[in-house]
Amino acid sequence: MEQLGSFPGWRIDGRLEGNPALPTLAEVDVLVVGGGAAGVAAATVAAEKGKSVILIERYGFCGGAAVAGMSGTICGFYLASDSRNTPEQVVFGFAERFRGALAGRGGLTDPQIYGKTFTVTHDPLMWRETADQFLEEAGVRVLFHTAVTGIVTEGPALNGAVIESNAGRSTVLAKRIIDASGDAAVVARAGFRCAFGDAGRIQNPTMIFRLGNVDLEAFGAYWGPDTICPPKVVTAIEQANRSGIYHLPRNKIWIFPTTRPNELMVNATRLSGRDGRMLNVIDPADFTEAEIVGRRQVREYARFLADVIPGCRQSFVVDTGVEVGVRQTRSIVGKSVLRNADVVDCRKRDDGICRVAWPIELHSGDKPKLHWLLDDYYEVPYGALVPEIGENIIVAGRCLSAEHEALASARVTAQCFEYGHAAATATVLSIDEAMPFDVIRGEDVRAAMIKQGSAL
Ligand SMILES: Cc1cc2nc3c(=O)[nH]c(=O)nc-3n(C[C@H](O)[C@H](O)[C@H](O)COP(=O)(O)OP(=O)(O)OC[C@H]3O[C@@H](n4cnc5c(N)ncnc54)[C@H](O)[C@@H]3O)c2cc1C
């Protein structure tokens, strides 16, 4: 794995040795950084186990890439198969609790075909409300509109974080920190090693959008039941590009009917710089370019759909994600690394804390690469959540320690819920038994998770 390259300025304010000028806003058992799928699961589970928990989220709602990035569907629940035509669920635990609660609100579709497997499309507003309810009922203290900008350390131990909001800067002190930022925001600020894609190449971002006023009957009759586009759409995109009338950089696209009438969720754009270069979205200049290029591409794909795809003639763009969808930034270098071979070989392990049956879904080049795992799954080792050095810190979510292609499978939402579940379970063990994260056995985390409803 490649070590994180240099990002000028990324260490500014990275380390604050208990700056006495900063007031302490809270002292808790557990600080969770980020309220995506992993953070919501981690904070809820830790609080339900009696720990005092604060969750810090920079936006005004939870959901992260699934909601702010509007990734749109919860992938990762079901096996893939060449022969099975009904979904077989293999992931449960907190992921299933959230799925059930969201479905109960009417915020989730039935399983939809996605190539050789299935997925479920969610309503991003109801996703937020479902998260609010879990966190409130568990007694988590949530601070929205607040960012973690630095860390508080004592030797190798992390004791808290510096937070910043419109009210100013302060610290939160905690016995344990769960970095569920997606970007390894805490681990990177601590100066611990991170990896960055495949020798610095990361998957491309995508701006997802919703299309309203679609004649779903006409659309469905043409498109068919698979949310991955049929070959005739690939051909139509290629022809459209050849005509010079459209510029559509990705020719294999995915479209999901949503929970709302006459509406589609469109995963089509492929964002690179105006000069064609890979965008490094850790850098705000590149992130900004991704947003602008993304908005233009959304209009271009919407125009193509209206002009060419039956049922879409009268359609309009309802909205895009709050931010461009970011698939990959930093991954931690952990005690264990999820290897590409572990994924391809469907490796099971005694210290496995989550099943993954999702394909390697790699977004780079003209069309996404899909490598299916048929009728089987692999397991992610506990050690992939534990940074190789540092005390009191564990990660949850897509910044886990994984090789590039392995991450392209392991990063989806159902699994991120379960990584949060695992991180919280380990955190509770770590506090109760006064044991460092790297001494805790994955086997024990696994056993506790099974008792809490996970299938492993
Ligand atoms: C375009 C795209 C399409 C995708 N499609 C699918 C799909 O169809 N189905 C699927 O299951 N998965 C999909 N994924 C993947 C999936 O959405 C994510 O991998 C998953 O949601 C990540 O969850 P997470 O909790 O690890 O991180 P995130 O969801 O990224 O959550 C991290 C949270 O931390 C917050 N945060 C970050 N830094 C700080 C800080 N310093 N201070 C405070 N808060 C901070 C962020 O605001 C965010 O809310 C897609 C992803 C993208 C980008």
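This is a predicted model: local features need pLDDT of at least 70, side-chain atom pairs count only at pLDDT 80 or more; totals for chains, interfaces and linings use all residues.
**Exercise 1. Find which residues touch the most other members of the largest nonpolar core, then list the neighbours of I353.**

Step 1. The largest nonpolar core has 115 residues, and W127, I353 and Y419 touch the most other members. Such a core is a set of buried Ala, Val, Leu, Ile, Met, Phe, Trp, Tyr and Cys residues joined through side-chain atoms within 4.5 Å. Buried means under 20% relative accessible area, exposed over 50%, and partly exposed in between, with a 1.4 Å probe and protein chains only.

Step 2. Leaving out residues up to four places away in sequence, I353 touches V380, P381, Y382, L385, Y419, A422, G442, V445, R446, M449 and L456. Contact here means heavy atoms within 4.5 Å.

Residues are numbered from 1 along each chain as its sequence is written, and side-chain values use heavy atoms, without hydrogens and water.

**Exercise 2. Check the span of helix α3 and work out what α3 packs against.**

Step 1. Helices (H or I, at least four residues) and strands (E, at least two) are DSSP runs, numbered from the N terminus. The expected span is 1.5 Å times one less than the number of residues, so the 12 residues of α3 (residues 93-104) should span 16 Å; the end C-alpha atoms are 17 Å apart, which agrees.

Step 2. Now look inward: G93, F94, A95, F98, R99 and L102 of α3 are buried. These buried residues pack against α1 (37-48), β4 (73-74), α4 (124-138) and α11 (413-432).

Step 3. Just past the helix, G106 has a positive phi of about 85°.

**Exercise 3. Work out the strand order of the open four-stranded sheet and find its edges.**

Step 1. The order is β13-β14-β12-β15, with antiparallel pairing. Two strands pair if DSSP finds at least two bridges between them.

Step 2. β13 (254-257) and β15 (316-320) are the edge strands, each with a single partner, so one side of each has no neighbour in the sheet.

Step 3. Take a closer look at one pair: β13 and β14 (residues 264-267) are joined antiparallel over four bridges, and I255 sits opposite V266 in β14.
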